[in-house]
Amino acid sequence: MTYYMIEEHTPAYKVTWGIKDIIHIEDTPYQKLAIIDTFEFGKALVLDDALQTTIDDQFYYHEMIAHVPLFTHPNPRHVLIIGGGDGGTALEVLKHKSVEHIDLVEIDEQVIKACIKYLPELSCSFADPRVNVIIADGINYVSENNNKYDVIIIDSTDPEPDNPALKLYSSEFYQSVHKCLKDDGLFVAHTNSPSFAFGRKAFKEIYHRINAYFALTKAYIVCVPSYISGYWSFTIGSKRYDPQQNYRSDDTMETQFYTSEMHRACFVLPRFIHELIAGNKGS
Ligand code: SAM
């Protein structure tokens, strides 16, 4: 039996996924949650009909959201992940021997439970003694914790109007992140896809919100095959270390995508993204 999931990136651009099986589906207090088995990328987590991560290509995103900031910090010990309920980002952070403790703040406990049951390849990270899962809104958690973390990773859903992730892209939140970081801390967030007009507008607005609070703001891009919008951007806000200049390289780490060469290359941006960053171009 073949099912099909239609994933909408814009009302005029949708992608159809062929599905072998719908493994689990439920309405949580925050979103519609599904675990599906796709023909092309294996098992996947879907929230509100948006594909979040697949077992076959999760490493593109999770390695690049974790290792770029962690290799930028000279000695990351305390890490905060906001969102990350599938466990994939935590799995990458755990590869850094200097990391002593990871707080993972996920608003939806059902995501944690479903991923423990159906995506153990990623959620196995929750069993590591260094990982502390906290069920809470990242907005409140960050505003209540100051000067605590070396690296903060915002691994949330996209900022949709009716989604708890929306305020994770606000100026107030970035101001709280700045206070939640130690004096030489840095944070990273995924910042939409500049491949589409609405994504370019969102990227430009988010980048400049971050840049208002952080001495060093740098964007980098990755192509994630299962993300239907092509380019995917990440933006780092750093109090001291420049992710393009000060980074350690350790090509002995077990990765499939991240290397020190990829760390360097991902910051090479096309001209239109430089122009969005310079602010002298429309979206
Ligand atoms: N890796 C995926 C991606 O590439 O976008 C997303 C990872 S994870 C599944 C996203 C998580 O962010 C969801 O589980 C969602 O419940 C969580 N989330 C959204 N808003 C949040 C908030 N305000 N505080 C904490 N977690 C939040």
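## Before we start

This is a predicted model, in which local features need pLDDT of at least 70, side-chain atom pairs count only at pLDDT 80 or more, and totals for chains, interfaces and linings use all residues. Residues are numbered from 1 along each chain as its sequence is written, and side-chain values use heavy atoms, with hydrogens and water left out.

The labels for helices (H or I, at least four residues) and strands (E, at least two) come from DSSP runs, numbered from the N terminus.

## The five-stranded sheet

Let us begin with the sheet built from E1 to E5. Its five strands form an open sheet in the order E1-E2-E3-E4-E5, with antiparallel pairing. Two strands count as paired if DSSP finds at least two bridges between them. At the edges are strand E1 (3-10) and E5, each pairing on one side only. On average, neighbouring strands here are turned by 45 degrees against each other, direction ignored. For such angles, axes are lines fitted to C-alpha atoms (for helices, over the stretch in contact), and values run from 0 to 180 degrees between N-to-C directions.

Inside this sheet, strand E3 (residues 32-38) and E4 are joined by six bridges in the antiparallel sense.

## The seven-stranded sheet

In what order do the strands of the other open sheet, with its mixed pairing, run? The order of its seven strands is E8-E7-E6-E9-E10-E12-E11. Strand E8 (131-135) and strand E11 (216-223) are the edge strands, and each pairs on one side only. From one strand to the next, the twist averages 15 degrees.

## A helix across the strands

Helix H7 (residues 197-211) lies across strand E10 (181-190), E11 and E12, and it runs at about 145 degrees to E11. H7 has 15 residues and reaches 21 Å from its first C-alpha to its last, close to the 21 Å expected at 1.5 Å a residue. That expected span is 1.5 Å times one less than the number of residues.

Which residues of H7 are buried? They are Gly 199, Ala 202, Phe 203, Ile 206, Tyr 207 and Ile 210. These residues are on the same side of H7, because they cover an arc of only 130 degrees around the axis. The arc is taken from the directions that lead from the helix axis to the C-beta atoms. Buried means under 20% relative accessible area, exposed means over 50%, and partly exposed lies in between (1.4 Å probe, protein chains only). The buried residues of H7 pack against helix H6 (171-180), E10, E11, E12 and helix H9 (271-278).

## Two buried loop residues

Asn 192 is found in the loop between E10 and H7. With 10% relative accessibility, Asn 192 counts as buried. Not counting residues up to four places away in sequence, Asn 192 touches Phe 198, Gly 199, Ala 202, Trp 232 and Ser 233; contact means heavy atoms within 4.5 Å. The C-alpha atoms of Asn 192 and Tyr 227 are separated by 11 Å, and these residues are 35 residues apart along the chain.

Ser 156 has its place in the loop between strand E9 (149-155) and H6. Ser 156 counts as buried, at 9% relative accessibility. Leaving aside neighbours within four places in sequence, Ser 156 is in contact with Ile 82, Ala 165, Leu 168, Tyr 169 and His 190.

## Two positive phi values

Most residues other than glycine have a negative phi. Asp 49, in the loop between strand E4 (42-47) and strand E5 (50-54), has a positive phi near 65 degrees. Asp 49 is partly exposed, at 38% relative accessibility.

Asn 147 also has a positive phi, near 50 degrees. Asn 147 sits in the loop between helix H5 (138-143) and E9 and is partly exposed at 47% relative accessibility.

## The cysteines

How many disulfides does a search of the whole structure find? The search finds zero disulfides, a disulfide being a pair of cysteine sulfur atoms within 2.5 Å. The sulfur of Cys 115 is 11 Å from the closest cysteine sulfur, in Cys 124, so it is too far for a bond. Cys 115 is buried, with a relative accessible area of 0%, and Cys 180 is buried with a relative accessible area of 0%.
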